[in-house]
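Visitor: I am new to this kind of picture. Could you show me how to read it, one feature at a time?

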Amino acid sequence: MRTHTSLLVLALTLVAQLLLATQSDAGTIDVAALPPGYTVNGIDVSSHDHAGGKTINWAGRRAAGEEFAFVKATEGTSYVNPYFSQDNRDAKAAGLYVGAYAFGRPDLGNPAGQANHFVNNLQWTADGRTLPPFLDLEWPYLAGTPDCYGLSQSQMRTWISTFLTTVQARIGRTPMIYTNVNWWNPCTGSSSAFAGYPLDISSCNSTPPSVPGWGTNWTFWQYDIDACKRGAVHDSMVFKGSVTQLAALAGGAAGGVTAGDVTGDGRSELVARRPDGTLWMYRNGGSNTAPYSSGTQVGVSWQQFLWHLAGDVTGDRRADVVAARQDGTLWLYTNGGSDASPYGNGTQIGVAWQQFRHVVLGDVTGDGRADLVASRPDGTLWLYVNGGSNSAPYGSGSQVGAGWEQFRHLALADVTGDSRADLIASRPDGTLWLYTNGGSDAAPYSTGAQIGVSWEQFDRVLAGDVTGDARADLVATRPDGTLWLYVNGGSNSAPYGSGTQIGAGWEQFV
């Protein structure tokens, strides 16, 4: 009887293990060995990874060392991966950076329609965890589809260009291209016209080959050499850079530094977050050529926030901090007056703030208290007026604009010196635009004026009064970590001239 019971238990155990293996990849995490010299790895997935009802153990993959994931979202103009929302949500919850991709179908034509279908379903958001999406271009998988999808090289280049520019216009970020040279060269005529788009190169070689236009300047590499040798799907990837640089690509760096007058002396400090969650303040010492020196740690556990913004919410002339968590809750950390430890415990003051692509803080209404201005992925612009309550400063928002999806960066501060915050915005083409505050709380911003070029070189653009003249200067960082100051010269039509480098090492903040 004991023997029979043992055999029954063993059989039931094997059945349970089989069911578990069918439902989840827990216990079977197989992270491919990284190519020498690379430390940041990830994976791409599609509905095929859910065959037989299988789920993906994202927490296990994160524990195994993966930092990012790309998830197939769409194909053509009608297909949506039924597992995309689940994988996108669960991978982010596990701590991975996540991006979406569309499998390109040039044989179906309508590149703008495919791009719009993609954007409508990729759940794009500037949450600091979302990577730029990519267009997957490779050999057809359907039998009978002609080589290069039946398009000439010229037609293919036009199709790709239309798809990419449509996506970029919708989300305000430069999308990426995924391909391999065995498809790219014959199907595009070895085109070098797309080098402005980051490249995700698929290659079974020990090192990726040179690609026309990009050379070896790729961003991601789908490698998994062992899987290639077995003829299996190779979906393991590496990122060409550090985790900090990956965070910058996801927009995390743009949310990792903010400007505001913390000390109450009329000059903006910088408040920055490191990957370990520590919060640092860089005090403005009063020099216009070198305003910021060594930082002071002023907080911990700030990695829980998507973004943080400094501004005077309470009306005491010292910058408080407003921050949003990944669940969309909004928190206020009031400035207690201590330069060494300005921020204590936070108070929740809102919900559903994950819906916005950009959020900026500044005194729009001119009452000495910072309001919030936010843009949604659909391009609508919203104003949340500060009602004067420190426990619940922001009520319902009012739409104050449209078409703001075209901008990559937004900054909010008083450029013109009238005590009302203006909007500064940069487009993906590098042009810088000023929207002056006309004084109406219902419609403060009308037509913008171009005030600069070549701002695509910066991954952060911040506005604050650095020089103490009551007009907002611009502080910007490049991906190499250098910090630049653009002093406001007093002209509303051309407030910013040449910039001056005032620091280095700012790539460490996310």
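Guide: Let us begin with R62 and E67, which form a salt bridge whose closest N and O atoms are 3.4 Å apart. Please keep in mind that this is a predicted model.

Visitor: Which parts of the chain does the salt bridge between R318 and D339 tie together?

Guide: The general idea is to look up where each partner sits. The side chains of R318 and D339 meet at 3.1 Å, N to O. R318 lies in the loop between β14 (305–311) and β15 (320–325), while D339 lies in the loop between β16 (330–333) and β17 (347–350), so the pair ties together parts that are 21 residues apart in sequence. D339 counts as partly exposed, at 24% relative accessibility.

Visitor: Where do the partners R420 and D441 lie?

Guide: Their side chains meet in a salt bridge too, at 3.3 Å from N to O. R420 is in the loop between β22 (409–413) and β23 (422–426), and D441 is in the loop between β24 (432–435) and β25 (449–452); this pair links distant parts of the chain, 21 residues apart. With a relative accessible area of 39%, D441 is partly exposed.

Visitor: What about D473, which has no salt bridge? What lies around D473?

Guide: D473 has its place in strand β27 and is buried, and the nearest side chain of opposite charge, R267, is 7.4 Å away. That is beyond the cut-off, because a salt bridge needs a side-chain nitrogen within 4 Å of a carboxyl oxygen. Turning to polar atoms, one in the side chain of D473 lies 2.8 Å from the backbone nitrogen of V466. The backbone nitrogen of T467 lies 3.1 Å from a polar atom of the D473 side chain. Leaving aside neighbours within four places in sequence, the contacts of D473 include L462, L485, Y486 and Y496.

Visitor: Which strand pairs with β27?

Guide: Strand β27 (residues 473–477) pairs with β28 in the antiparallel sense, over four bridges. Within that pairing, L474 has Y486 as its bridge partner. β28 also pairs with strand β29 (residues 500–503), again antiparallel, over three bridges, and there L483 has G503 as its bridge partner.

Visitor: Which way do the residues of β28 point?

Guide: In a strand, look at the two faces in turn. From β28 (residues 483–486), L483 and L485 point one way and W484 and Y486 the other way, and all are buried. Strand β10 (residues 257–260) is likewise covered on both faces: V257 and A259 are buried on one side, T258 and G260 on the other. β10 is joined to strand β11 (residues 269–273) by four bridges, and the two run antiparallel. G260 stands opposite E269 in β11.

Visitor: How should I read a helix, and which residues of α4 are buried?

Guide: An α-helix has 3.6 residues a turn, so residues three or four places apart point the same way. In α4, the buried residues are P111, G113, Q114, A115, H117, F118 and V119. They pack against β2, β3 (79–80), β4, β5 (134–136) and α5. After α4 comes Q123, with a positive phi near 55°.

Visitor: Which residues have the most contacts inside the largest nonpolar core?

Guide: They are I160, F163 and W184, in a core of 46 residues. Its largest share, seven residues, comes from α5. A second, separate core has 19 residues, among them L306, W307, L330 and L372.

Visitor: To finish, is S293 buried or exposed?

Guide: S293 counts as exposed, at 57% relative accessibility. S293 is found in the loop between β12 (279–282) and β13 (296–299). The C-alpha atoms of S293 and I502 are separated by 9.3 Å, although these residues are 209 apart along the chain.

Methods
Residues numbered from 1 in each chain as written. Predicted model: local features only at pLDDT ≥ 70, side-chain atom pairs only at ≥ 80, totals over all residues. Heavy atoms only, no water. Buried < 20%, exposed > 50% of the residue type's maximum accessible area, 1.4 Å probe, protein only. Pairing = 2+ DSSP bridges. Core = buried A, V, L, I, M, F, W, Y, C linked by side-chain atoms within 4.5 Å. Lys, Arg positive; Asp, Glu negative; His and termini not counted. Polar contact = N/O pair within 3.5 Å; in protein donor to acceptor, adjacent residues only side chain to side chain. Contact = heavy atoms within 4.5 Å.
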